[in-house]
Every structure is written in C-alpha cells, then in structure tokens.
Amino acid sequence: MEKEILRFTDVKLIYHTKRGETTAAENLNFSVNEGEFVAIIGPSGCGKTTLLSLAAGLLKPSSGTIESHGSFGYMLQKDQLFQWRTIEKNIFLPLEIKRINTPEHRDRARKLAEKYGLKDFLQSYPQQLSGGMRQRAALIRTLATNPDILLLDEPFSALDYQTRLNVCEDVSSIIRSEGKTALLITHDISEAISLADRILVLSQRPAHVSHSHEMDFGEVKNPLKRRELPQFSEWFEILWRELNG
C-alpha cells in the first residue's frame, strides 16, 4: 500500500501588500506518495515556487492544512556552491548548518559523492567544474542530510539544452536509486514528461490543481528513453493544450 508523505488540503494563500491583498493560491488540493516523482507545471506567474515554499514550511497558508511526514531538502535553480570552498566542503555545508557534522555523516556524504561520479573532484573548486557537474554536486549536497522529500525548483533552467538533458538523466538516476520522493517545479513540459511519475497542472492565479496525470511509460524511467516513445509527443500535446487553453 502506498504511503502518503505530503498532503495539501484546501490550501489558500493571501499576500498582504501596501496595495492590498493578492490571493496566490485557493482550493489547492493534492498529495504525494513516498518514493513518487511528481512534477508541477503551470502558467508563468501562477505561483509554482510559492507552492514549494509552502511545502517546506517557509510560508504558512492563510487557511487549509499542509501535512508532511518527513524532512525536506531544497535544490534551487542555480547550484549556489561557494566558490571559496572545495566540492567536498560544499557538500558538507548542510551538515555544519544542522550541527550534525560528525565523521559518520561526513563519511556518508563523501560516499554518495563517490558513488555518483564526484570522487575525483572532491578537492576541486566549483569554478573548475562544468555546469552539469556543479548541479550534480548541488544534488549530493542536498542529499547529504538524508532528507525524505526533495523540492526541486527548476534545477536545470540555468543550463544549456545539451547539458540540461544529461543532468536530467543524472538527477533522475540518483533520486530513483536513493529511493527519494521528489517534487519538481518546471516550466518545461518535455522535462516534466521525461522525469515524472505524475504531473500536476496548475491554473492561473489563484493557483489550484486543474489537472492531474499519471504517466503511462510503464517501467521506463530513463528520461532520454521516454523522449523516444510515441506517447511522449501525445502527452506534450495534451499538456500544452491544458496550459494554453
């Protein structure tokens, strides 16, 4: 039986500014199961990133409830690696912040880095790595504290197209190999289809889930292989219509 790890129930968020009130989300309802990879797409300005902030508890809903059963790791649009720290020291940073910078935790983080291709770069500095390798390091840094849920805020948007495809492949492989739950925000329909088990489509503001789709790729989880399948273009047309209808 699938275990629910995150649930939004009738969530409403109102921003208060000098100009008045803005309702960013209303009647926002969805859930995420443990081990599931969920992508969220929606029109520009609909509040996709706001949704991640709500999930992580960085914002409190004006009404409704958000229930989570686990810890969060946040991966941003840019890698945000500190240039003056080695890759290893960057990966250890969350351990320092959470005051769990023990030999055991450092050893686990180092083994993750070695497992996923960073063994020869741990003593390098970020400027010595390619954009793709830096994003891989950023993901390992996010995984260092062993979070239950990964919040991915357009983590590939700063990369060129070719690198983006390769990094999508890397990130998908690592997340699925580690058995993590992921909630991805993206404006790229193709990216969502290639990565997700399920796609949620948000409406214009005030945001709510207008459509929810289970991806029907069977056991094919590899993003590049998904792009080669006939249903890939069919899903693109469906989602394009829903976003632009």
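How much space lies in the largest pocket? About 430 Å³.

## Before we dig in

What you're looking at is a predicted model, where local features need pLDDT of at least 70, side-chain atom pairs count only at pLDDT 80 or more, and totals for chains, interfaces and linings use all residues. Residues are numbered from 1 along each chain as its sequence is written, and side-chain values use heavy atoms, with hydrogens and water left out.

## The largest pocket

Let's start with the open space. A pocket here is an open set of points on a 1 Å grid over the protein atoms alone, with protein on both sides within 12 Å along at least five of seven lines; a cavity is a set where a 1.4 Å probe fits but cannot get out, and lining residues have an atom within 4 Å of a point. A volume is the space filled by probe spheres set on the points, which are joined across faces, edges and corners.

The largest pocket has 15 lining residues, and Y74, P94, I97, R141 and T142 are the ones nearest its centre. Two or more lining residues come from each of β5 (72–75), α2 and α4 (131–143). Helices (H or I, at least four residues) and strands (E, at least two) are DSSP runs, numbered from the N terminus.

The volume of the largest cavity is about 40 Å³, and its lining is made of A24, A25, L28, G47, T50, L51, L54, L202 and A207. Here β2 (20–33) and α1 (48–56) are the elements giving two or more residues.

## Helix α8

Now for a helix. With 15 residues (230–244) at 1.5 Å a residue, α8 should span 21 Å, and its end C-alpha atoms sit 22 Å apart, which agrees. That expected span is 1.5 Å times one less than the number of residues.

Which residues of α8 are buried? They are Q231, F232, W235, L239 and L243. Buried means under 20% relative accessible area, exposed over 50%, and partly exposed in between (1.4 Å probe, protein chains only).

## A loop residue

N101 is in the loop between α2 (87–97) and α3 (103–115). Its relative accessibility is 32%, so N101 counts as partly exposed.
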